[in-house]
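Here is my note on the structure. Please read it with the model open beside you.

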Amino acid sequence: MSYANYMSDRDPQVDTAAVNSLRSGVMRLSRRLKHQRVDESLSPTEMSVLGTLAGCGSATPGELARKEHVQPPSMTRIVALLEAKGLVRLEPHPEDRRQKVVTQTERAEAMLEESRRKRNVWLTELVGRLDEDEWATLRAAAPVLEKLAHL
């Protein structure tokens, strides 16, 4: 069964062309945004882990693995790379001494802030090419896209 038939069987209101366009646009924009980074030595995955730490605060490697949808051994390697670059530090877990807690450093916070600024400037330039109706539509869609990203 094709994806379009599967979706139509589940919900006849699904507009597969719109879903396809949304998927394509979001993926393309995401790839372009990933290239607007301050530190080219960090992988997108490393940047994502730092962003997760910025959003949720300190976490164990296991918690980070779940949030990032990667296997724990992969997260252990990522954390080790970030620690070697001085972007995170490992501290003893306050309740379970067998575990460590990963905390981002001030250097990571500053780098993330500069990266956000650079991406916002880039995106602002792109948005400036939209007409007023397109910009209004995009502003209205932003909370919905944010919701989809967290479902």
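1. Is His 69 buried or exposed? His 69 is exposed, because its relative accessible area is 71% and the cut-off for exposed is over 50%. Bear in mind throughout that this is a predicted model.

2. Stay with His 69 for its backbone. His 69 lies in the loop between helix H4 (61–68) and helix H5 (72–84). Its phi is positive, at about 60°. Note that His 69 is not a glycine.

3. Now step back into helix H4 and look across to helix H3. The two helices pack at an angle of about 110°. Their axes are 11 Å apart. H3 and H4 are therefore roughly perpendicular to each other, since angles of 65 to 115 degrees count that way.

4. Which residues meet there? From H3 come Ser 48, Val 49, Thr 52, Leu 53 and Cys 56. From H4 come Leu 64, Lys 67 and Glu 68. Sorted by class, the contact of H3 with H4 has 4 nonpolar, 2 polar and 2 charged residues.

5. Pick out Thr 52 from that group. Thr 52 sits in helix H3 (residues 44–56). Thr 52 counts as buried because its relative accessibility is 17%, and buried means under 20%. The side chain of Thr 52 makes a polar contact with the side chain of Glu 68, at 2.2 Å. Leaving aside residues up to four places away in sequence, Thr 52 touches Gly 57, Leu 64, Lys 67 and Glu 68.

6. H3 also meets helix H6. The axes of H3 and H6 come within 11 Å. They cross at roughly 105°. H3 and H6 are therefore roughly perpendicular to each other.

7. On the H3 side, this contact is made by Met 47, Leu 50, Gly 51 and Ala 54. On the H6 side, Ala 108, Met 111, Leu 112, Ser 115 and Arg 116 take part. By class, the contact of H3 with H6 has 6 nonpolar, 2 polar and 1 charged residues.

8. How do helix H2 and helix H6 cross? H2 covers residues 16–34 and H6 covers residues 106–127. Their axes come within 10 Å and cross at roughly 135°. That angle makes H2 oblique to H6. The crossing of H2 past H6 is right-handed.

9. H2 gives Leu 29, Arg 32, Leu 33 and Lys 34. H6 gives Arg 119, Trp 122, Leu 123 and Leu 126. The residues of the contact of H2 with H6 divide into 5 nonpolar, no polar and 3 charged.

10. Finally, turn to a strand. Where is Thr 103? Thr 103 lies in strand E2 (residues 100–104). Thr 103 counts as buried because its relative accessibility is 12%. The side chain of Thr 103 makes a polar contact with the side chain of Glu 91, at 3.4 Å.

11. Check the surroundings of Thr 103 too. Not counting residues up to four places away in sequence, Thr 103 touches Ser 58, Leu 87, Val 88, Arg 89 and Glu 91.

Definitions and conventions
Residues numbered from 1 in each chain as written. Predicted model: local features only at pLDDT ≥ 70, side-chain atom pairs only at ≥ 80, totals over all residues. Heavy atoms only, no water. Axes fitted to C-alpha atoms, helices over the stretch in contact; angles between N-to-C directions. Helix = DSSP H or I, 4+ residues; strand = E, 2+ residues; numbered from the N terminus. Parallel < 35°, antiparallel > 145°, perpendicular 65-115°, else oblique. Left-handed = near helix turned anticlockwise from the far one by under 90°. Contact = heavy atoms within 4.5 Å. Nonpolar A, V, L, I, M, F, W, Y, C, P; charged D, E, K, R; others polar. Buried < 20%, exposed > 50% of the residue type's maximum accessible area, 1.4 Å probe, protein only. Polar contact = N/O pair within 3.5 Å; in protein donor to acceptor, adjacent residues only side chain to side chain.
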